[in-house]
Amino acid sequence: MQATQELSKYRNIGIFAHVDAGKTTTTERILKLTGKIHKIGEVHDGAATTDFMEQEQERGITIQSAATTCFWDDHRLNIIDTPGHVDFTIEVYRSLKVLDGGVGVFCGSGGVEPQSETNWRYANDSKVARIIYVNKLDRLGADFYRVVDQIKTILGAKPLVMVLPIGAEGDFVGVVDLLTRKAYVWDDSGLPENFKVEDVPADMTEAVEKYRTELIETAVEQDDDVMEAYLEGDEPDVDTIKRCIRKGTIELAFFPTFCGSSFKNKGVQQVLDAVVAYLPNPTEVPPQPEVDLEGNETGEVAVVDPERPARALAFKIMDDRFGALTFIRLYSGTIKKGDTLLNTATGKTERIGRMVEMHADDRTIVETAKAGDIVAAVGLKNVRTGHTLCDVNKPATLEPMVFPDPVISVAVVPKDKANSEKLSVALGKMVAEDPSFHVEVDQESGETILKGMGELHLDIKVDILRRTHGVEAEVGKPQVAYRETITQAVTDSYTHKKQTGGSGQFAKIDYTVEPLEAGAGFVFESKVVGGNVPKEFIPSVEKGFKLMKDKGPLVGFPLLDFKLTLFDGGFHSVDSSQMAFEVASKAAYRQTMPKAAPQLLEPIMKVDVFVPDANVGDVIGDLNRRRGMIKSQEPGATAVRIKADVPLGEMFGYIGDLRSTTSGRGQFSMEFSHYSPVPRNVLEAVKEEVKAREEAKKK
């Protein structure tokens with residue numbers, strides 16, 4: 001019973017938001033309030049506790065999610081501060097996967113920004129209960145009520161307003177707690193503990209009563225008995241209302257909404273109280289489904305119970321001065337130092353050496369971890385993000401994570417042999433840390449190709465190579481990940497004959513290739529009857545086309561979304577073999593694909609730009625020049641938000657152009673949307689570029 005009692009005091013939470021909404025500053029304030037750090041570090045001074053990478057401190061953004069543990073009101077909070085920048089969404093996605101609750105931070109003046117939408121969508125997909133915190137209410141143009149409206153209209157969510165701000169912008173001094181009708185007013189010292197509890201300011205009583213009634217009416221819907229009593233004029237007590245709010249929050253019926261200014265230390269205590277009061281503990285979250293080693297659901301779930309077989313998910317790998325750290329969330333069972341666990345992805349066992357609890361980049365060694373804990377294990381060999389570690393005698397896999405494909409690449413050439421060796425070691429570590437970052441070696445030129453989610457993503461990877469790993473290398477121009485597809489169905493036949501001394505080769509195939517809708521991939525079907533192509537040779541036909549589809553007929557980019565139907569053929573009782581049919585299908589691919597009206601596709605990005613009113617015309621003109629399709633314009637308090645679909649190839653260097661157009665005030669973010677056919681002139685330009693690269697390689 002003891003264990004369950006303790007689990008009810010656990011909160012595994014993530015803090016997520018758009019870039020610059022103040023997540024990291026909020027995390028800093030939480031750590032200060034919970035007594036974890038004594039001097040507060042500021043993001044804009046590059047001194048925040050959870051931003052401990054040089055690149056994070058310089059750019060003032062969070063790149064890696066940092067995990068930290070602290071205590072509030074006798075409850076244990078495991079907090080993950082996630083990045084807001086779109087190129088690092090993968091960090092948010094995999095953090096949400098292992099969290100039980102979240103705090104969505106929104107900027108009081110910026111409101112619901114593009115990345116907050118993406119993160120909110122991820123949190124909806126992961127069914128994570130959240131509370132909302134509207135930050136930066138001391139900023140010019142900040143408006144709590146406008147942000148609450150945007151949460152309703154843009155996110156389609158139901159905010160449950162719990163506090164109202166006292167004063168606005170420079171005059172923001174505190175908040176009114178609607179449940180208790182008490183005003184919390186801070187002085188100008190900037191110290192979080194310097195506040196007075198007062199009566200509601202006279203000019204706010206009407207608004208407080210209006211929002212309090214809304215709050216209670218929404219909350220009591222969670223309990224029929226309480227609702228019935230309320231409708232008969234009997235207002236429930238505060239504890240009953242809190243119980244109803246907790247139930248509704250965990251069931252995602254609504255999201256308790258708070259406000260404040262983390263930088264000025266106003267309103268953060270209320271957020272911490274809400275985390276404890278309303279967000280679920282590990283036992284109140286739907287348990288993770290288990291799958292067998294083939295990936296089929298077994299119907300079993302990983303119940304949060306220290307006595308059950310061990311089930312843990314590795315959700316992040318980080319390399320630091322002490323070696324590789326693997327962050328694991330333990331769903332069930334107990335792990336002790338020295339235990340051996342099975343990694344179901346590799347089929348190998350891993351011995352748990354040291355385990356540590358992280359406080360940003362500080363650590364405390366722990367001997368045991370049990371269901372509900374988030375810990376980091378030191379020195380695991382073959383564990384990657386998304387792998388399951390489990391009891392050797394009772395294996396099961398937790399639902400793995402799915403990561404998007406990269407859309408942009410750069411070539412890296414090390415300066416000399418010593419750097420070449422350093423490069424391969426460094427890249428090995430970096431790929432383990434970030435599943436959205438891929439590395440390939442070009443067989444012909446020997447160049448190392450880095451692939452990522454955007455220009456900034458690769459920029460930072462190259463920076464980490466230089467600084468953290470000391471690799472000197474030359475970096476090529478960013479390359480777009482083009483794709484090819486076919487647009488017409490073609491029925492064709494190919495015969496492969498080879499008669500030289502000894503045994504010959506013979507294979508004949510009759511087949512149709514046809515285009516499929518976007519995202520369908522490669523589909524193979526055999527309609528051969530009467531044994532004209534013996535059964536054992538049919539897989540070789542599929543294999544031949546599969547091997548060839550990475551080189552499209554137009555320019556040599558991978559070919560997407562087509563179906564191959566084998567309907568007839570011929571064989572020779574002596575000369576036919578699997579090899580002969582594979583060779584035939586490779587040649588058939590080269591013969592037929594150019595006839596199927598191939599088309600070059602380019603990645604189209606969803607671009608979101610925030611610009612001051614004065615620059616809207618210039619920015620839209622610039623996006624049009626970049627072949628952008630403007631989707632919408634939404635005026636905000638201080639800026640206009642422009643949404644557009646723009647080809648990735650036209651977006652290189654956009655940040656510099658946007659800054660010069662808007663005198664440094666414009667912001668933008670982009671994420672991959674879909675592939676789309678390129679215009680004729682772009683096709684010719686890409687062909688020229690590829691040709692020039694091939695020639696440069698030969699030299």
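Buried means under 20% relative accessible area, exposed over 50%, and partly exposed sits in between (1.4 Å probe, protein chains only). This is a predicted model, where local features need pLDDT of at least 70, side-chain atom pairs count only at pLDDT 80 or more, and totals for chains, interfaces and linings use all residues. Residues are numbered from 1 along each chain as its sequence is written, and side-chain values use heavy atoms, with hydrogens and water left out.

**View 1. Arg680 pairs up with Glu684 in a salt bridge.** The N to O distance is 3.1 Å; a salt bridge here is a side-chain nitrogen of Lys or Arg within 4 Å of a carboxyl oxygen of Asp or Glu. Both partners sit in helix H17 (residues 680-698), four residues apart, so about one helical turn separates them. Helices (H or I, at least four residues) and strands (E, at least two) are DSSP runs, numbered from the N terminus. Arg680 is exposed at 60%, while Glu684 is partly exposed at 34%.

**View 2. Arg641 and Asp608 form a salt bridge.** Here N and O are 2.9 Å apart. The pair ties together distant parts of the chain, 33 residues apart: Arg641 belongs to strand E37 (residues 640-647) and Asp608 to strand E35 (residues 598-611). Arg641 is buried, with 4% relative accessibility, and Asp608 is buried too, with 11%.

**View 3. Lys508 meets Asp510.** The closest N and O atoms of this salt bridge are 3.2 Å apart. Lys508 counts as partly exposed at 25%, whereas Asp510 is buried at 11%.

View 4. For the whole model, the count comes to 25 salt bridges.
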